[in-house]
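Trainee: I am new to this one. Could we go through the terms and check each against its definition?

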Amino acid sequence: MSQFLVKEGVKNQIRQGEKLVTTHCCYCGMQCGMHIRVDEKSNKVVGVEPRYDWVLTKGKMCPKGVTAYQTIDHPDRIKLPLIKKNGKFVESSWEEALDLIERKFKELQEKYGKDTLGVYGGVSMTNEKCYLVGKYARVGLGTRYVDYNGRYCMSSAAGGFNKTLGMDRGSTLPWTELEHSDCFFMSGTNTAECHPTSIQWFWKAKDKGAKIIVADPRETATARIADVHLDLLPGTDTALANGIMHLLIKHDYVDYEYVQERCNNFAELKEVTAKFTPEYTSKLTGVAVEKIIKAAHIFGKSPRSVVMFARGVEQQVSGVDNVSLYTSMALLRGQIGKFASGVATFTGQGNGQGGREHGQKADALPGYRKINDPKHVEYVSGVWGIKPEEMPKEGVSAYEMFGLMENKTIRGMHVICSNPVVSSPNINYVTKAMEGLDFLVVSDFFLSETAELADVVLPATTWAEDEGTTTNIEGRVIRIRKVVEPIGESKPDWEIIKLISERMEKGKYFDYSEPREIFDELRVASKGGKADYFGVTYEKIDEQDGVFWPAPTEDSKGTPSIFQEKFATEDGKANLAVIDYRGPAEVKSKEFPLWLTTGRVVFHYLSGNQTRRVGFLMEQCPEPFVEMHPELASQYQIENGEKVKLSTPRGHMIVPVKITKAIRKDVMFVPYHWGKHQSVNQLTNPALDPTSRMPEFKVCAVKLEKLSK
Ligand SMILES: Nc1nc2c(c(=O)[nH]1)N[C@H]1C(S)=C(S)[C@@H](COP(=O)(O)OP(=O)(O)OC[C@H]3O[C@@H](n4cnc5c(=O)[nH]c(N)nc54)[C@H](O)[C@@H]3O)O[C@H]1N2
Ligand SMILES: Nc1nc2c(c(=O)[nH]1)N[C@H]1C(S)=C(S)[C@@H](COP(=O)(O)OP(=O)(O)OC[C@H]3O[C@@H](n4cnc5c(=O)[nH]c(N)nc54)[C@H](O)[C@@H]3O)O[C@H]1N2
Ligand code: SF4
Ligand SMILES: [Mo]
């Protein structure tokens, strides 16, 4: 049976009375291969085995991955729909919950128009479900307002890649090639904690002499394996990248043949970067001149290099510019489209790649088609069986939806697979906007902080109770397998969407009996688009360890390395970024004299709604903290472990201090995996990148106060 890919040697690990189901982790974009152990008699999940033969992760897993199975049959699982009555949740039947949703959704739309409903999706779901969220909004509910949590995550990478390369696939090369690279220039990624199983590839390369450069305001676990650590000020990446390119040009490290043949704008780039001498770059970034020079020489001399980045550079108002500039560094060196070389972003969520390709975004339709392109609308309408004029127009980005809730344009909302009152910037405002809704439905398997605000909570299944596909950090489409039957009366998200759409008299557009049927429709809907999945099938995924998109024909094996001959732009050439320095949206002041940045720790995942329920992970990291340098602490007479107050114009929090030399003296860091008064997003700046509409989670000006004892 194709469900079980367990090899002979691995079968020895099966205990009598147990079976192993082959799947991938539910958390980050590495999508580590794993076998989940199921007791055959009780049909319960009892543990996990690493999948040593999985091509990318080779049996490695991180602390979140090895405990993920504990969330499946967790005592906190929501097993029945919940309806809020007199301020309290009461369990209900599906019938009663659906009746209420139908009545409320119809009432609101009759009174205020179709667009009064909004859908807020997420990309911890399979491609099948993410695809359906977009179709549900546009066809099932007929609203223009749909967006998703990837807006906070990958949208600046998408924006930058589209501008420079004409297409957004997170990695231009398969990561099994990384061990043959000579140099990794990594900026704003703490991959050692955020994609821990990727580290094996960097070590393999390092063992063969590869060099690593890490740009991060903190000396993270990732920076500690670097040959050069560029400890830049948050929000100064435009200067750093321009500074490195200045030196590449000055020291003749540019691959002129490649640039001439394959890139536009070199003369303009040369002009803009001219002023970014090491001294000027150092002044803006706070990084020592010698370090900038050393990094440029290492990077410039390496025959095969990969430029890599993540949310540290993307979650800024200049996120798209940063991505474009770092990508241009790789282009100047002639690296993109060659073996063991290229550019990659570290995809965040499990299906952060696939989930952004198939129309969950306000401006997008499946296969990376555009909702404001009449030809694209015509094609997708044809696949969906609606008239092109029935397709709603472009909506607004995730954070902007809260503005529309505040001004009552949006009065009803369905949140599917996200926890925005923890993960959005400026959550005091966001929470108020959500509380002001006339009707809120949340689909989740644990009662999140957002679900607590809902009128109806629908019990969704976890990743282990349904099958489908995800697209990993490399762009490789892989299979998620069903391990056990849905717990309680929970249902997979596609089934919930189908049930609500039926109630909205749109059932005929959602007549699926299993995920494979949705995938087959997605294949056709994406056909001819940039993210072309037409040639991807469940069988092919099993046969060849996944399929890299684009796979445009039925017999295509997929495309592991992209841009070998040309880029996906109109003229086939890459567009080098011609961008001057641009700092963060907020400036430091007398009142808010320090910088605050936010991010992750290895033991928790995103809003923490899953990992805060796993005992082992909570033991390791029970609460948020603020990292600060000993000199800053002593300046404020603060001791390790002491609670301090952090404030910005948007809010404040009280949080214990961790003193460490592994951070700049003028910067503090708080991880964001907790809600309500423990959430750093009470403080963060909702300023948006003008293109990607991604908030500036990574930089704001902050006040630090010692609490009187
Ligand atoms: N353990 C764990 N792993 C995860 C996740 C998780 O929640 N927990 N989430 C997954 C998801 S969805 C995502 S998006 C990824 C995120 O993966 P990463 O982007 O690697 O994680 P972050 O901690 O958000 O930020 C990375 C680094 O950016 C640095 N940084 C801050 N400001 C700047 C700046 O201005 N410039 C530069 N160059 N660097 C800066 C921070 O100090 C931090 O070390 O991780 C994925 N993996
Ligand atoms: N300050 C600060 N804020 C940030 C960031 C940062 O670096 N700093 N990073 C941002 C980034 S990169 C991201 S990705 C966002 C993430 O932000 P969120 O989307 O809010 O994060 P999650 O915790 O993954 O929320 C997913 C919710 O859906 C549930 N869920 C999981 N799988 C499924 C499923 O298959 N179906 C359904 N129905 N529910 C499911 C989980 O229980 C959880 O409650 O946070 C952003 N917020
Ligand atoms: S590295 Fe990512 S995919 Fe792998 S086990 Fe950890 S969280 Fe899961
Ligand atoms: Mo993310």
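Trainee: At what angle do helix α15 and helix α21 pack, and how far apart are their axes?

Mentor: This is a predicted model: local features need pLDDT of at least 70, side-chain atom pairs count only at pLDDT 80 or more, and totals for chains, interfaces and linings use all residues. Residues are numbered from 1 along each chain as its sequence is written, chains are lettered from A and ligands numbered from 1 in the order written, and side-chain values use heavy atoms, without hydrogens and water. Now the answer. Helix α15 (residues 374-384) and helix α21 (residues 515-526) pack at about 155 degrees, with axes 9 Å apart. Axes are lines fitted to C-alpha atoms, for helices over the stretch in contact, and angles run from 0 to 180 degrees between N-to-C directions. Helices (H or I, at least four residues) are DSSP runs, numbered from the N terminus.

Trainee: Why are α15 and α21 called roughly antiparallel?

Mentor: Angles under 35 degrees count as roughly parallel, over 145 as roughly antiparallel, 65 to 115 as roughly perpendicular and the rest as oblique. The angle here is about 155 degrees. Therefore α15 and α21 are roughly antiparallel.

Trainee: Which residues of α15 and α21 meet?

Mentor: Contact means heavy atoms within 4.5 Å. Y379, V380, V383 and W384 in α15 meet E521, V524 and A525 in α21. By class, that contact has six nonpolar, no polar and one charged. Ala, Val, Leu, Ile, Met, Phe, Trp, Tyr, Cys and Pro count as nonpolar, Asp, Glu, Lys and Arg as charged, and the others, Gly among them, as polar.

Trainee: Why are α8 and α14 called roughly parallel?

Mentor: Helix α8 (residues 237-250) and helix α14 (residues 319-332) pack at about 15 degrees. That angle falls in the class under 35 degrees, so α8 and α14 are roughly parallel.

Trainee: Which side chain has a polar atom 2.6 Å from an oxygen atom of ligand 2?

Mentor: That is S607. K698 has a polar side-chain atom 3.0 Å from an oxygen atom of ligand 2.

Trainee: How is the shell around ligand 3 divided by class?

Mentor: It has seven nonpolar, three polar and one charged. Among its residues are C25, Y27 and K64.

Note on methods: Helix = DSSP H or I, 4+ residues; strand = E, 2+ residues; numbered from the N terminus. Polar contact = N/O pair within 3.5 Å; in protein donor to acceptor, adjacent residues only side chain to side chain. Near = heavy atom within 4 Å.
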